[in-house]
Amino acid sequence: MSVRVTLNCQINTDKTDTLITFLKQNLPNVRQFPGNIRVNILFDPSRKEMLIDEDWASIEEHKAYIKFITENGIMQELVTYFLEPPIVKYFAPQDL
């Protein structure tokens, strides 16, 4: 069963332009990673918040991606654009 993953991120607005450049360079890699179904980025400028909204084939595949970007340094660079660590949540879709 697929899983919806959200990452709520408080962004450092002084770095928004470089964050957007970073995302444009790296989102193709997320989209090609095994198990990724979809990833969208949403901004709420009034709250200085970014939402990373993703669908993955499983929690395990998402965690494998997180491990991969932690080991290759991408995660360390990504968090430099945030004021605090992102809040990661997993949601199971329901057929209602």
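Helices here are DSSP runs of H or I with at least four residues, strands are runs of E with at least two, and both are numbered from the N terminus.

Before going on, a word on what we're looking at. This is a predicted model, in which local features need pLDDT of at least 70 and side-chain atom pairs count only at pLDDT 80 or more, while totals for chains, interfaces and linings use all residues. Residues are numbered from 1 along each chain as its sequence is written, and side-chain values use heavy atoms, with hydrogens and water left out.

Back to Leu 19. Is Leu 19 buried or exposed? Leu 19 counts as buried because its relative accessibility is 1%. The cut-offs, with a 1.4 Å probe and protein chains only, are under 20% relative accessible area for buried, over 50% for exposed, and partly exposed in between. And which residues does Leu 19 touch, if we skip its neighbours within four places in sequence? They are Ile 11, Phe 43, Met 50, Leu 78 and Tyr 81, where contact means heavy atoms within 4.5 Å. Also, Leu 19 and Ile 74 are 55 residues apart along the chain, and their C-alpha atoms are separated by 12 Å.

Now zoom out to the helix. H1 covers residues 16–32, so to speak, 17 residues in total, and spans 24 Å from its first C-alpha to its last, close to the 24 Å expected. That expected span is 1.5 Å times one less than the number of residues. Where is the kink in H1? There's one of about 40 degrees at Asn 26, shortly before the proline Pro 28. The bend at a residue is the angle between two axes, one fitted to the seven residues ending there and one to the seven starting there.

Look at which H1 residues are buried: Leu 19, Phe 22, Leu 23, Asn 26, Leu 27 and Val 30. A handy general point is that an α-helix has 3.6 residues a turn, so residues three or four places apart point the same way. The cover over the buried residues of H1 includes strands E2 (36–44) and E3 (49–56), plus helices H2 (59–71) and H3 (74–78).

Next, the largest pocket, with a volume of about 300 Å³. It has 23 lining residues, and the closest to its centre are Val 30, Tyr 65, Ile 69, Ile 74 and Leu 78. Which element gives the largest share of that lining? H1 does, with six residues. H1, E2, E3, H2 and H3 each bring at least two. By class, the lining has 18 nonpolar, four polar and one charged residues. Here Ala, Val, Leu, Ile, Met, Phe, Trp, Tyr, Cys and Pro count as nonpolar, Asp, Glu, Lys and Arg as charged, and the others, Gly among them, as polar.

Lys 15 is in the loop between strand E1 (3–10) and H1, and counts as partly exposed because its relative accessibility is 31%. Skipping neighbours within four places in sequence, Lys 15 contacts Thr 80 and Tyr 81. Val 79 is in the loop between H3 and strand E4 (87–91). Val 79 lies 60 residues from Leu 19 in sequence, but 9.9 Å away in space, C-alpha to C-alpha.

Lys 48, in the loop between E2 and E3, has a positive phi of about 55 degrees although it's not a glycine. In general, most residues other than glycine have a negative phi.

Last one: Lys 89, in strand E4. Which residues does Lys 89 touch, not counting those up to four places away in sequence? Arg 4, Val 5 and Thr 6.

Note on methods
1 Å grid on protein atoms, 1.4 Å probe; cavity = no way out; pocket = protein on both sides within 12 Å on 5 of 7 lines; lining within 4 Å. Points joined across faces, edges and corners; volume = space filled by probe spheres on them.
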